[in-house]
Amino acid sequence: MLANAWKETVRDAVADVTAHREAGKLQVRKAVHRRYKDDSQRKRAYTDLKHGRWQEDVFLARMMRKHVKHGKSRMANQIVVRSDQYSTWTMADGNVWISIPGLKRRQTTAIPLNTDVAPTGTLRLILRDGRVEIHYTIDAPDLRQTRPCGAGSIGVDKGYTEVLTDSDGVHHGKALGTLLRTESDHLKTKNARRAKICAIAAKAREAGDLAKADRIERNNLGRIKQDRRRTRFESRVRTLTFTAVHTVIDKAAHVVAEDLTRTFASRKKLGKNTNRRLAAWPKGVTAEALNSVSERRGSALTLVNAAYTSQVVPCCRILGKRSGDRLDCTLCGGVWQADHAAAINVLERDGDPDISLYTPHTRVKQIIQERADRHRTRLPVQDSSPAGRRANHPIRAAMLNK
């Protein structure tokens, strides 16, 4: 075998080992932070971990063995070929053939490919079930869309009880709230019992019974089952979230969503259980799913300011009275589902010249009140937002004057 071939294969295997080791170091850093309370001890452990001296520390070595992914090498049935070590050509029928170096000197092996697109860059050749698979990377825009997106525009509101609610009033991913609440309550009960066992172990250690304390920590305070349950829970949340986003993209070529990267301080104090359950809300997973799925399926995604979107009633464009999932209009008496109203407001906030993505929430509230005052006094609306244009419509103006 040519030296270039096995060198690239070995380099690829070493890169996998390095990637797994760096991923494990992230978990080890968290373990170091939990174990050491003194900043000097933490700094020493972080330094040893960064510069590869973790083998000299018993705790770091144990944590690295625990968190670094181990397994069999993938190089038993595959090889990596550099871009300058193969050539391609197209036959008369349009199929592409590839020629790679063989095992004998100055001899090549020709392989037919069932495609009319020639591969580029570094290749990975896998021998599986008597067939040769050729894997290579391409840019995402070059991917062929196997599942097209819809044709309309739709606004979505991210929720806790469901993943998304669109401006048509359809809820997507309804099982999310039950899943999050069940897991959060389970962790509360489990951690309470774990705290009692930790207290027993601590008392035993203080009393000098080290054997009992070590036995409790070894047999009753492990995290293997807890980590497995956490992995299964995260997988279920991601599956539910991505499935819900796909159903939204099936309906629209343009999706308008609220930007939840900025937090707003709430004046209403919530209970401990509510705060604990809301802490498990995977807003980041929903944002990742929207970005990934919309890009792969060719749908445009626009983020808008999220301030007061779930408090403005779409019928009269004023701040309504929010009570749970119910939103009441204090002007006309209309009743709205809060998430549905928020999705409508998110869609109409796209292109609003007065409320940009970075407008402070205090200014957003002021703009909403100014527009509502103009409607009440039947003055012409001076803004060019979608709500303002509808208010200037003759039919809408006639309805307001009744």
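User: Is Cys332 buried, partly exposed or exposed?
Analyst: The model discussed here is predicted. The relative accessibility of Cys332 is 46%. Buried would require a value under 20%, and exposed a value over 50%. Cys332 therefore counts as partly exposed.

User: How many disulfides does the structure hold, and what is the case for Cys316?
Analyst: Cys316 is buried, with a relative accessible area of 14%. The closest cysteine sulfur to that of Cys316 lies in Cys332 at 3.6 Å, which is too far for a bond. For the structure as a whole, the number of disulfides is zero.

User: What is the strand order of the open sheet of three strands?
Analyst: Strands of a sheet pair through backbone hydrogen bonds, either parallel or antiparallel. In this open sheet the pairing is antiparallel, and the order is β14-β15-β16.

User: Which strands stand at the edges of that sheet?
Analyst: An edge strand has a single partner strand, so one side of it is left without a neighbour in the sheet. From one strand to the next, the twist averages 25°. The edge strands are β14 (321-323) and β16 (335-337).

User: At what angle to β16 does helix α9 run?
Analyst: Helix α9 comprises residues 338-349. This helix lies across β14, β15 and β16. Its angle to β16 is about 85°.

User: With which side chain does the side chain of His172 make a polar contact?
Analyst: His172 is found in strand β9 (residues 171-172) and is buried, with a relative accessible area of 8%. Among the residues that His172 touches are Glu162, Asp166, Ala244 and Thr247. The polar contact, at 3.0 Å, is with the side chain of Thr247.

User: Which side chain is joined to that of Ser99 by a polar contact?
Analyst: Ser99 lies in strand β3 (residues 96-101). At 10% relative accessibility, Ser99 counts as buried, and it touches residues including Tyr86, Trp89 and Thr108. The polar contact, of 3.2 Å, is with the side chain of Thr108.

Technical notes:
Residues numbered from 1 in each chain as written. Predicted model: local features only at pLDDT ≥ 70, side-chain atom pairs only at ≥ 80, totals over all residues. Heavy atoms only, no water. Helix = DSSP H or I, 4+ residues; strand = E, 2+ residues; numbered from the N terminus. Buried < 20%, exposed > 50% of the residue type's maximum accessible area, 1.4 Å probe, protein only. Polar contact = N/O pair within 3.5 Å; in protein donor to acceptor, adjacent residues only side chain to side chain. Contact = heavy atoms within 4.5 Å. Pairing = 2+ DSSP bridges. Axes fitted to C-alpha atoms, helices over the stretch in contact; angles between N-to-C directions. Disulfide = S-S within 2.5 Å. Lists of a residue's contacts leave out its neighbours within four places in sequence.
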